[in-house]
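Please read these notes with the structure open beside you. They go point by point.

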Amino acid sequence: MFDASQVVLMGDPRVTGIAVADDGSGLVPAPPAVGLHGRKADPAGVFRLMRRPVADRLGTAAASLPDGIHLCLVEAYRPPERQELYFTTYRDKLRAADPTHDDETLNRLASRFVAPPAFAPHVAGAAVDVTLVDNAGVELDLGCPVDANPEVSGGTCYTHHPGVTGHAGAHRKVLIEAMTAAGFVNYPTEWWHWSHGDRYWAFVTGRDVAVHGPMHSGA
Ligand SMILES: C[C@@H](N)C(=O)N[C@H](C)C(=O)O
Ligand SMILES: [Zn+2]
């Protein structure tokens, strides 16, 4: 039974309290088998960088997809200042929608859709936002667009939302199976967000320590 209130959010102390022993792996571009989405592309190509072990797993996920379905990367590494901008912009939107919320509530609500900057898996090069495309590069229906927040999507951004059925539900299943089998964990509020090696991954997989912490791209 789907219950959004049961999702452990990225700002939860059980996640943020996990220590990081960084394995020092560097950032590399997405593997060639993964298509690149233009929406968040930057001129230097920073959006397509990720830790090497993450790239290896993404290549494995891409290779495991059924014929005619391909992975497409929207955003991987995210510089700290961009994460900060995403977080404060969304929190400000939530504040404007309901000015009675206190700061703690706003931070919690914001972390359903954007990770608190100090603990953000994209800033660690550990997260990828991905979707599926067909042979012609056309995005498949996965129930709502990538980055449709809980308000805009009516909750269908939640990976296991019961309202996502038919083709969209089937496409989600394909994505979930490929990414999970390759060693990624999903943030259950966003069907497109997958990570490996970060604090959320450590939490979901029962580890005491994460292996990818925040980093600068050097680009
Ligand atoms: C903003 C959205 N695409 C995203 O990446 N959210 C997750 C939770 C994050 O900020 O890490
Ligand atoms: Zn993400």
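1. Strand 5 (residues 70-75) pairs with strand 6 (residues 127-133) in the antiparallel sense, over five bridges. Two strands count as paired if DSSP finds at least two bridges between them. Strands (E, at least two residues) and helices (H or I, at least four) are DSSP runs numbered from the N terminus. Leu73 has Val130 of strand 6 as its bridge partner.

2. The model is predicted: local features need pLDDT of at least 70 and side-chain atom pairs count only at pLDDT 80 or more, while totals for chains, interfaces and linings use all residues. Residues are numbered from 1 along each chain as its sequence is written, and chains are lettered from A and ligands numbered from 1 in the order in which they are written.

3. What is the order of the five strands in the open sheet? The order is 3-5-6-8-7, with mixed pairing. Strand 3 (35-36) and strand 7 (185-186) are the edge strands, each pairing on one side only.

4. Helix 6 (residues 166-181) packs on this sheet and touches strand 6, strand 7 and strand 8 (193-195). Contact here means that C-beta atoms, placed from the backbone, lie within 7 Å. The direction of helix 6 makes about 135 degrees with that of strand 6. Axes are lines fitted to C-alpha atoms, for helices over the stretch in contact, and angles run from 0 to 180 degrees between N-to-C directions.

5. The axes of helix 3 (residues 80-97) and helix 4 (residues 103-110) come within 9 Å and cross at roughly 120 degrees. The two helices are therefore oblique to each other; angles under 35 degrees count as roughly parallel, over 145 as roughly antiparallel, 65 to 115 as roughly perpendicular and the rest as oblique. Among the contact residues are Phe87 and Tyr90 of helix 3 and Leu106 of helix 4.

6. The unreviewed UniProt entry lists His122, Asp129 and His193 under "binding site"; such annotations may be inferred rather than shown by experiment. These residues span 72 residues in sequence, yet no two of their C-alpha atoms are more than 9.6 Å apart, so they gather at one spot.

Notes
Contact = placed C-beta atoms within 7 Å.
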